[in-house]
Amino acid sequence: TLYGTLGKKNQPDYKLAMKAVPAAALYAQFLSMLRESYEEDKIFDGKFGAMMDVELVNDGPVTLVIESEPLGGNDDSVNKIDG
């Protein structure tokens, strides 16, 4: 999973994604928390950042979360109905 932004070219830009070293530390901390609060022998992981050869068949929807700032910087008129 990566954090990306879309610019004027509508191509993903991953400049704001967490860098590899702090991301690996965060991942290790996450695994540690899981092992402490769950059965340690049921928590598995692979090599962080390793190249993966994945084969899959897409059968269902894909979810993309797109966040944007309101135009003009003021969202007072958003979700309001006149009347």
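Colleague: How many salt bridges does the structure hold?

Modeller: This is a predicted model, and the pairs in question can be named one by one. Lys-15 pairs with Asp-13, Arg-35 pairs with Asp-45, and Glu-39 pairs with Lys-42. The number of salt bridges in the structure is therefore three, given that such a bridge needs a side-chain nitrogen of Lys or Arg within 4 Å of a carboxyl oxygen of Asp or Glu.

Colleague: In which order do the elements of the chain run from the N terminus on?

Modeller: The chain has two strands and one helix. Read from the N terminus on, the order of these elements is β-β-α.

Colleague: Where in the chain do Arg-35 and Asp-45 lie?

Modeller: The side chains of these two residues meet in a salt bridge, with N and O 3.3 Å apart. The pair links distant parts of the chain, its members being 10 residues apart, with Arg-35 in helix α1 and Asp-45 in the segment after α1.

Colleague: Which class of accessibility do Glu-39 and Lys-42 fall into?

Modeller: These two residues form a salt bridge in which the closest N and O atoms are 3.4 Å apart. Glu-39 has a relative accessible area of 40%, while Lys-42 stands at 46%. Because buried means under 20% and exposed means over 50%, both Glu-39 and Lys-42 count as partly exposed.

Colleague: What is the volume of the largest pocket?

Modeller: The lining of the largest pocket divides into eight nonpolar residues, two polar ones and one charged one. As for the space itself, the largest pocket has a volume of about 460 Å³.

Colleague: Which residues that line the largest pocket are the closest to its centre?

Modeller: The largest pocket, with its volume of about 460 Å³, is lined by 11 residues. Of these, the closest to the centre are Gly-4, Thr-5, Leu-6, Val-65 and Ile-66.

Colleague: How many Å apart in space are Ser-68 and Thr-5?

Modeller: Ser-68 lies in the segment after α1, and at 66% relative accessibility Ser-68 counts as exposed. In sequence, Ser-68 and Thr-5 are 63 residues apart, whereas in space, C-alpha to C-alpha, their separation is 9.9 Å.

Terms used:
Residues are numbered from 1 along each chain as its sequence is written. This is a predicted model: local features need pLDDT of at least 70, side-chain atom pairs count only at pLDDT 80 or more; totals for chains, interfaces and linings use all residues. Side-chain values use heavy atoms; hydrogens and water are left out. Helices (H or I, at least four residues) and strands (E, at least two) are DSSP runs, numbered from the N terminus. Buried means under 20% relative accessible area, exposed over 50%, partly exposed in between (1.4 Å probe, protein chains only). On a 1 Å grid over the protein atoms alone, a cavity is a set of points where a 1.4 Å probe fits but cannot get out, and a pocket is an open set with protein on both sides within 12 Å along at least five of seven lines; lining residues have an atom within 4 Å of a point. Grid points are joined across faces, edges and corners, and a volume is the space filled by probe spheres set on the points. Ala, Val, Leu, Ile, Met, Phe, Trp, Tyr, Cys and Pro count as nonpolar, Asp, Glu, Lys and Arg as charged, and the others, Gly among them, as polar.
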